[in-house]
Each structure stands twice: as C-alpha cells, then as structure tokens.
Amino acid sequence: MTASAARYGAPGDDHMKHPHLHLHAHERLVCPVCRVRALQYRPYDTWPPTTDLDSVSPPYRDTFGYPSYESCVRCGYAFGFTDDPGADVEPLTFAEYYEWWQSQGEPWPDDDDRERFLAHGGSPDPE
Ligand SMILES: [Zn+2]
C-alpha cells in the first residue's frame, strides 16, 4: 500500500471519507479550537505554537506554515479552510469559531464520525 493509499484508503474503501478514523485515540492531537484530542495531523507545520494564539490573525499558514486541511472530528474547524476560506468569505479565528460552535450547542459535524470516534476510544471532552 502506498503512503497515499494508507492515508486516504483504497478505492472503494468505506474509510476513504473518514481517513482520521484509522488512528487510535491516544495518538491523536489536541484540537486548538475545542481542546478535544481529536486530530490525526498537526494542524500546521510549526506545531505546537510557541506564540499566544490570541495574538495571531488568520490565515494561520502565515505564522505556522502549511496547514493539514484536516477537519476536527469534534468541532469541525478545518485547518487551512476555516482560517483561509478564499475571496468574499470571512476567515474565522480559532476563538471566533469556538464561540460560534458553542453557541450552536457544540454539535458534532458528522454522526458517523462521532460514533466511530467514540467506538475507537476517543474522548469527547476537552483536555
Ligand atoms: Zn476541534
């Protein structure tokens, strides 16, 4: 299996749209938005950050390097998209997104992802 296939799943693999679900819970990284240990990849090249996140403006690639483009399974922040959505769309900081997500009742973005995350030992609680 190539590295790409290992990461994204083979064609026809049901896990193709859930690449992060191959990772064991304890190997995940804490999401800087919701503080849940939910990420498969470092969200940016330079991670963890040594600067105060509140002092950094999006797009975060300008400060922390290339983004993972992973969406957090718990809060749904998409590193490299939510902070850098392109023309005519307002980027959201981690704090702004967290405030919105909380105001919505901390929803899981995807029910299937939630069930698999919990079934694989993931903790839904912030650290
Ligand atoms: Zn998160």
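Reply: Two residues are in contact if their C-beta atoms, placed from the backbone, lie within 7 Å. The model shown here is predicted. Among its contacts between residues at least 6 apart in sequence, 52% join residues at least 24 apart.

Me: Which elements does the protein have, and in what order do they run?

Reply: The protein has four helices and two strands. From the N terminus on, the order is α-β-β-α-α-α.

Me: What percentage of the residues is buried?

Reply: A residue counts as buried if 20 or more other C-beta atoms lie within 10 Å of its own, and as exposed if there are 12 or fewer. Buried residues account for 24% of the 127 residues in this protein.

Me: Which residues of α3 are buried, and why do they lie on the same side of the helix?

Reply: An α-helix has 3.6 residues a turn, so residues three or four places apart point the same way. In α3 the buried residues are F94, Y97 and W101. They lie on the same side of α3 because they cover an arc of only 70 degrees around the axis. On the other side of α3, the exposed residues are A95, E99, W100, Q102 and S103. After α3 comes G105, with a positive phi near 90 degrees.

Me: Which backbone values deserve a second look?

Reply: Most residues other than glycine have a negative phi, and most peptide bonds are trans. In this model the peptide bond from W47 to P48 is cis, with omega near 5 degrees. The bond from P58 to P59 is also cis, with omega near 0 degrees. P48 lies in the loop between β2 and α2 (61-64), and P59 lies in the loop between β2 and α2.

Me: What is the phi of Y69 and of D88, and are these residues buried or exposed?

Reply: Y69, which is not a glycine, has a positive phi of about 60 degrees. The phi of D88 is also positive, near 70 degrees, in a residue other than glycine. Y69 counts as exposed because it has 12 C-beta neighbours inside 10 Å. D88 counts as exposed because it has 5 C-beta neighbours inside 10 Å.

Me: Why does P67 count as buried, and where does P67 lie?

Reply: P67 lies in the loop between α2 and α3. P67 counts as buried because 21 C-beta neighbours lie inside 10 Å. Not counting residues up to four places away in sequence, P67 touches P43, Y44, Y60, R61, F79 and G80. Between P67 and T46 there are 21 residues of sequence separation, and their C-alpha atoms are 9.3 Å apart in space.

Key: Residues are numbered from 1 along each chain as its sequence is written. This is a predicted model: local features need pLDDT of at least 70, side-chain atom pairs count only at pLDDT 80 or more; totals for chains, interfaces and linings use all residues. The arc is that of the directions from the helix axis to the C-beta atoms.
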